[in-house]
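Colleague: Happy to have you at the screen with me. Shall we go through the pocket and the packing together?

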Amino acid sequence: AGGGPTGAAWLATVPRRIDDALQRWGLVVDGAPRTGWTAVVVPVVRDGEPLALKVTWPHPEGEHEALALRTWGGSGAVRLVAALPSDGALLLERLDADVDLSDVWVDEACEVVGGLLARLHVVAPPQVPRLPEYLAPHLERMAARPAVPRRVVSRTQGLARELLSGGVPEALLHTDLHDENVLWGPLGWTAIDPKPVAGHPGFDLFPLLHNRVDELGTGAAFRWSVRHRVALAAEAAGIDLDEAFAWTLLRAGVEVSWVSAT
């Protein structure tokens, strides 16, 4: 549980955190809770308005979720109603948790994600980690991991030197916007669960390659599908295609290193 309590230790505190939030914000439970990788979400109602109470396991990537949602103000991302960061509690507008992009034609899904990214890439608040500092320890450690192929280390570190030198844009990045993190809401398709970092918009495209992998094909079809997904999202987001490919390749190398560490 790098950087946070164990799952068991945190889970033991969740009922108390939920009860505290219900009382603090005058909420009534309105359905069965749902769980994700790092959170419990409870449907609630306040004064007749359907909302969602999210209680999150305290992991470093989610530290600035409330700040990012407040910055976006409901434009492209789920609307934040209230937050108690010390308890990891967020009160959010309620979206349809049963309707995400997983069942949408993959080309259309990529265009939707790109369109959302175009709205989300505003100037990042100063509290959000900057991409060079965020990546530095991962780039340093990957060379010491025997499971990471040397060609991946060399290519990734070379890309990092090239892309991170001379200053990096400081757009507010979601960093985890894939098909299952886009739900249907009152204003249409809406992003959820950001893990905010400030950096180049091209760094935000890689998550589209994590989902629906079976649809990517194999061999030459796989290479075409990867480039096609990135290109569709980049065009919709207004990101230069060469920069989109370069940043996606850099992040792919970092992801290889992360996986090799587990």
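Colleague: By class, what lines the second largest pocket?

Modeller: Keep in mind that this is a predicted model. The lining of the second largest pocket includes one polar and two charged residues. The rest of that lining is made of ten nonpolar residues.

Colleague: Thanks! Which element gives the largest share of the lining of the second largest pocket?

Modeller: This pocket has a volume of about 420 Å³. Its lining counts 13 residues, and closest to the centre are Leu209, Phe222, Val226, Arg227 and Leu249. Two elements give two or more residues each, helix H8 (241-260) and helix H7 (219-237). The largest share, five residues, belongs to H7.

Colleague: Now the inside: which element gives the largest share of the largest nonpolar core?

Modeller: That core has 44 residues, and Leu69, Trp72, Leu101, Val113, Leu177, Val182 and Leu205 have the most contacts inside it. Two or more residues come from each of helix H3 (65-72), strand E6 (89-93), helix H4 (106-120), strand E9 (182-185), H7 and H8. With eight residues, the largest share comes from H4.

Colleague: And how many residues are in the other core that lies apart from it?

Modeller: In soluble globular proteins, nonpolar side chains tend to be buried together. Here another core lies apart from the largest one, with Leu164, Leu173, Phe203 and Trp247 among its members. Its count is 20 residues.

How values were computed:
Residues numbered from 1 in each chain as written. Predicted model: local features only at pLDDT ≥ 70, side-chain atom pairs only at ≥ 80, totals over all residues. Heavy atoms only, no water. 1 Å grid on protein atoms, 1.4 Å probe; cavity = no way out; pocket = protein on both sides within 12 Å on 5 of 7 lines; lining within 4 Å. Points joined across faces, edges and corners; volume = space filled by probe spheres on them. Helix = DSSP H or I, 4+ residues; strand = E, 2+ residues; numbered from the N terminus. Nonpolar A, V, L, I, M, F, W, Y, C, P; charged D, E, K, R; others polar. Core = buried A, V, L, I, M, F, W, Y, C linked by side-chain atoms within 4.5 Å. Buried < 20%, exposed > 50% of the residue type's maximum accessible area, 1.4 Å probe, protein only.
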